[in-house]
Amino acid sequence: MEIKYNLKPSSQRRSEPFVPEGDVGFGVHRTDHMFVMDFYDGEWRDPRIEPYGPFELMPGTMSLHYGQAIFEGAKAFMHDDGEIYTFRINKNAERMNRSGEIVCIPHLPEDMQVKAIQALIDVDRLWFPRQPGACLYIRPFIFATEDRLSVSPSNRYTFCVMLSPSGAYYKSGFSNAIRLLISTKYHRAVSGGTGASKAAGNYAASLRAAKAAADMGAAQVLYLDANNQQIEEVGAMNHFHVLKDGTVIIPKFTDTILKSITSLSIMELSEMLGCEVRQETVMLDKFIADIEAGEIVEAGGFGTAAVVSPVGSYIFEDGRTVTVGDGEVGPKVKRIYQLFTDIQNGKVQGPEDWVVQVPHLHA
Ligand SMILES: Cc1ncc(COP(=O)(O)O)c(C=O)c1O
């Protein structure tokens, strides 16, 4: 399908590269355009790039009432050759459709999603923030747009891609390991539910727990399964821990855990990392006992935003705390972060097709 270009007049568009003054932040800035495509009468139609701006929505728009909406998050990087490269967006496109299956949103061909992202970055390439460690954060999303008040799948949807020039997550390397609240009170997902999808409602449901974590001095919540037996994942990251022989363990993917593209990638990098990376069911009691016995020496989270978030300690709702190793950022976490970001930034050759140059399509 041909993409239609309805661009801002050149006098209103960025004409020079974006050189931010000070901290760019995450998710704050927008670019000049967005990609939009609609689904109705059983088909995806009318792919177009238009000025970034408000949608016109009826008050009965179904996603506003019943939350039938999904999203993705990915990044693009600028290499030393001055070109922009996306990181594994084909995997995000696959996961968008997996999320869609879970909340009854129609399949959107993955090559169309990839084409949409590339075309939008191409048009707004001057918005790439010229600053060390910066990236273009890519936010594709789909939401139900039919004006109808019944709890059933919508017959109309909009797919949109927006971009956010964002700064380096760690401005001067890792300095602090975070604390996680292990909650037995709040749960993110149950088997048979929507936990394995990036459904908007999952994140609304996490806000109350995140607030409870903040009240206890923790950065995020480490969720357990609904029976409080197994470790599942963090609000916006998968969880991992490192054994004293250097093995990295990620909880096994189930229908209550989002399949993180960062986790999948780190598993594929085990040879380059020089250690085993494997998935296991992680029982809470054993996990805590192994930390206390020094069998587990590092821990953290994997996700697109930070790549790796080192965890120095855990706190329970009764105030009990457990420190991992010496509570500081460990060598394995640093090694993973370095290799991963070197691949993203084109300093180290990663597996084929992980980084793909954004083509110059629109002169
Ligand atoms: C619930 C949840 N788990 C894990 C992740 C990490 O996934 P990824 O590595 O694909 O960003 C995210 C972020 O996308 C998330 O929202």
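I89 lies in helix α2; helices (H or I, at least four residues) and strands (E, at least two) are DSSP runs, numbered from the N terminus. This is a predicted model, in which local features need pLDDT of at least 70 and side-chain atom pairs count only at pLDDT 80 or more, while totals for chains, interfaces and linings use all residues. Residues are numbered from 1 along each chain as its sequence is written.

**I89 and its surroundings**

- I89 is buried, because 24 other C-beta atoms lie within 10 Å. The term "buried" asks for 20 or more other C-beta atoms within 10 Å of a residue's own, "exposed" for 12 or fewer, and "partly exposed" covers what lies in between, with C-beta atoms placed from the backbone.
- Not counting residues up to four places away in sequence, I89 touches A74, V114, I117 and I138. Two residues are in contact if their C-beta atoms, placed from the backbone, lie within 7 Å.
- From C-alpha to C-alpha, I89 and F71 are 13 Å apart in space, and they are 18 residues apart in sequence.
- I138 has its own set of partners: leaving aside neighbours within four places in sequence, I138 is in contact with A74, K75, A76, I89, I117, V161 and L163.

**Nonpolar cores**

- Which residues touch the most other members of the largest nonpolar core? They are A76, L120, L136 and I138, in a core of 45 residues. A nonpolar core here is a set of buried Ala, Val, Leu, Ile, Met, Phe, Trp, Tyr and Cys residues joined through C-beta atoms within 7 Å.
- At least two residues of this core come from each of β2 (33-40), β4 (69-71), β5 (74-78), β6 (84-87), α2 (89-102), α3 (110-123), β7 (135-144) and β8 (157-166).
- β7 gives the most to this core, with seven residues.
- There is also a second, separate core of 38 residues, with Y223, I250, V308 and V333 among them.

- The protein chain is split into domain 1 (4-168) and domain 2 (178-344), with bounds that come from an automatic or database domain assignment.
- Taken over C-alpha atoms, the centres of domain 1 and domain 2 are 28 Å apart.
- On the domain 1 side, 19 residues take part in the contact, and on the domain 2 side, 13 residues.
- β4, β5 and α2 each supply at least two residues of the side of domain 1 that touches domain 2.
- The largest share of that side of domain 1, six residues, comes from α2, the helix that also holds I89.
- By class, the side of domain 1 that touches domain 2 has nine nonpolar, four polar and six charged residues. Ala, Val, Leu, Ile, Met, Phe, Trp, Tyr, Cys and Pro count as nonpolar, Asp, Glu, Lys and Arg as charged, and the others, Gly among them, as polar.

**Around the ligand**

- Which residues are around the ligand? They are G73, E233, A236, M237, N238, L258, S260, I261, T262, F302, G303 and T304. To be near a molecule or strand, a residue needs its C-beta atom, placed from the backbone, within 6 Å of it.
- β12 (237-243), α6 (261-268) and β15 (296-303) each supply at least two residues of this shell.
- Five nonpolar, six polar and one charged residues make up the shell.

**Residues to look at in the backbone**

- R88 is not a glycine, yet its phi is positive, at about 50°. R88 lies in the loop between β6 and α2 and is buried, because 22 other C-beta atoms lie within 10 Å.
- D46, in strand β3 (residues 43-51), is also a residue other than glycine with a positive phi, near 55°. D46 counts as partly exposed, because 13 other C-beta atoms lie within 10 Å.
- Y203 lies in helix α4 (residues 200-204) and is partly exposed, because it has 14 C-beta neighbours inside 10 Å.

**The whole chain**

- The protein chain has nine helices and 18 strands.
- Its radius of gyration is 21 Å, close to the 21 Å that the globule rule gives for 363 residues, so the chain is as compact as a globular protein of that length. The radius is taken over C-alpha atoms, and the rule is 2.2 Å times the number of residues to the power 0.38.
- Of the 363 residues, 42% count as buried.
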